[in-house]
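Here is a short briefing on one protein chain. Look over the sequence and the fold before you read on.

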Amino acid sequence: MDDTSTLDRLAAGKYLLITSFRKNGTSVATPVWVVRDADALGAWSVTDSWKVKRIRNRADVLVGPCDIRGNPTGESVPGTAEILDQPATDVYRRLLARKYGVMGRLTLFGSRLRRGSTGTVGIRITLVNS
């Protein structure tokens, strides 16, 4: 499978299913908005979410296309996730606002009102070469 075309396909979708893993190895899949970050994928989440905690403990993830409810719409591929600092998260917020338009800007604004500027973090996902 060509990593570039896989990256393009996943970044072009409206939702990305990130499957992270608990300490005991159980997988947990969560749908998120997705943006392209050069040679990686970008997502955004609440700082103290279980997804972020799982990624901090174990960086390997599976990612694939999905619908709004998290139902897979294609094959998942392996990746490595990292939690970003605030300046990089701010870049992701701008990318999300651009891609998702009015809905994205309203969601980001509401999140900032509820959680403040440090209440969310960016998640950078690099696909693992298959």
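A residue counts as buried when its relative accessible area is under 20%. Keep that cut-off in mind, and note that this is a predicted model. By that rule, seven of the eight residues of strand E7 (residues 120-127) are buried, so the strand is largely enclosed by the rest of the structure.

- Seven strands form an open sheet in the order E2-E1-E5-E6-E7-E4-E3, and the pairing is antiparallel.
- E2 and E3 stand at the edges. Each has a single partner strand, so one side of each is left without a neighbour in the sheet.
- On average, neighbouring strands of this sheet are turned by 40 degrees against each other, direction ignored.

**Strand E7 and its partners**

- Strand E4 (residues 40-46) pairs with E7 in the antiparallel sense, over six bridges.
- Find Ala43, then look across to E7: its bridge partner there is Ile123.
- Strand E6 (residues 77-83) also pairs with E7 in the antiparallel sense, here over five bridges.
- Thr80 stands opposite Thr126 in E7.

- How many residues of strand E1 (residues 15-21) are buried? Seven of the seven are, so E1 is largely enclosed by the rest of the structure.
- In a regular strand the side chains alternate between the two faces of the sheet.
- In E1, Tyr15, Leu17, Thr19 and Phe21 point one way. Leu16, Ile18 and Ser20 point the other way. All of these residues are buried.
- E1 pairs with E2 in the antiparallel sense over seven bridges.
- The hairpin of E1 and E2 has five residues between the strands. In this hairpin, Gly25 takes a positive phi near 95 degrees.
- E1 also pairs with strand E5 (residues 60-65), in the antiparallel sense and over four bridges.
- Leu16 stands opposite Pro65 in E5.

**Salt bridges**

- Side chains of opposite charge can pair when their charged atoms come close.
- The count of salt bridges comes to five.
- Asp8 and Arg36 form one of them, at 2.3 Å from N to O. Asp8 lies in helix H1 (residues 3-12) and Arg36 in strand E3 (residues 35-37), so the pair ties together parts that are 28 residues apart in sequence.
- Asp8 is partly exposed, with a relative accessible area of 36%. Arg36 is partly exposed too, with a value of 33%.
- The side chains of Asp37 and Arg124 meet in another salt bridge, at 2.9 Å from N to O. Asp37 lies in strand E3 and Arg124 in strand E7, so this pair ties together parts that are 87 residues apart in sequence.
- Is Arg124 buried or exposed? At 19% relative accessibility, Arg124 counts as buried, because the cut-off for buried is under 20%.
- Asp90 and Arg93 also meet in a salt bridge, at 2.3 Å from N to O. Both lie in helix H3, three residues apart, about one turn of the helix.
- Asp90 is partly exposed, with a relative accessible area of 28%. Arg93 is buried, with a relative accessible area of 11%.
- Salt bridges that share partners join Asp37, Asp39 and Arg124 into one network.

**The largest pocket**

- The largest pocket holds about 240 Å³ of space.
- Its lining is made up of 13 residues. Nearest its centre lie Val32, Trp44, Ser45, Val46 and Thr107.
- Which elements give two or more residues to this lining? They are strand E2 (27-33), E4 and helix H3 (86-115).
- H3 gives the most to the lining, with four residues.
- By class, the lining of the largest pocket has five nonpolar, five polar and three charged residues.

Notes
Residues are numbered from 1 along each chain as its sequence is written. This is a predicted model: local features need pLDDT of at least 70, side-chain atom pairs count only at pLDDT 80 or more; totals for chains, interfaces and linings use all residues. Side-chain values use heavy atoms; hydrogens and water are left out. Buried means under 20% relative accessible area, exposed over 50%, partly exposed in between (1.4 Å probe, protein chains only). Two strands pair if DSSP finds at least two bridges between them. On a 1 Å grid over the protein atoms alone, a cavity is a set of points where a 1.4 Å probe fits but cannot get out, and a pocket is an open set with protein on both sides within 12 Å along at least five of seven lines; lining residues have an atom within 4 Å of a point. Grid points are joined across faces, edges and corners, and a volume is the space filled by probe spheres set on the points. Ala, Val, Leu, Ile, Met, Phe, Trp, Tyr, Cys and Pro count as nonpolar, Asp, Glu, Lys and Arg as charged, and the others, Gly among them, as polar. A salt bridge is a side-chain nitrogen of Lys or Arg within 4 Å of a carboxyl oxygen of Asp or Glu. Axes are lines fitted to C-alpha atoms, for helices over the stretch in contact, and angles run from 0 to 180 degrees between N-to-C directions.
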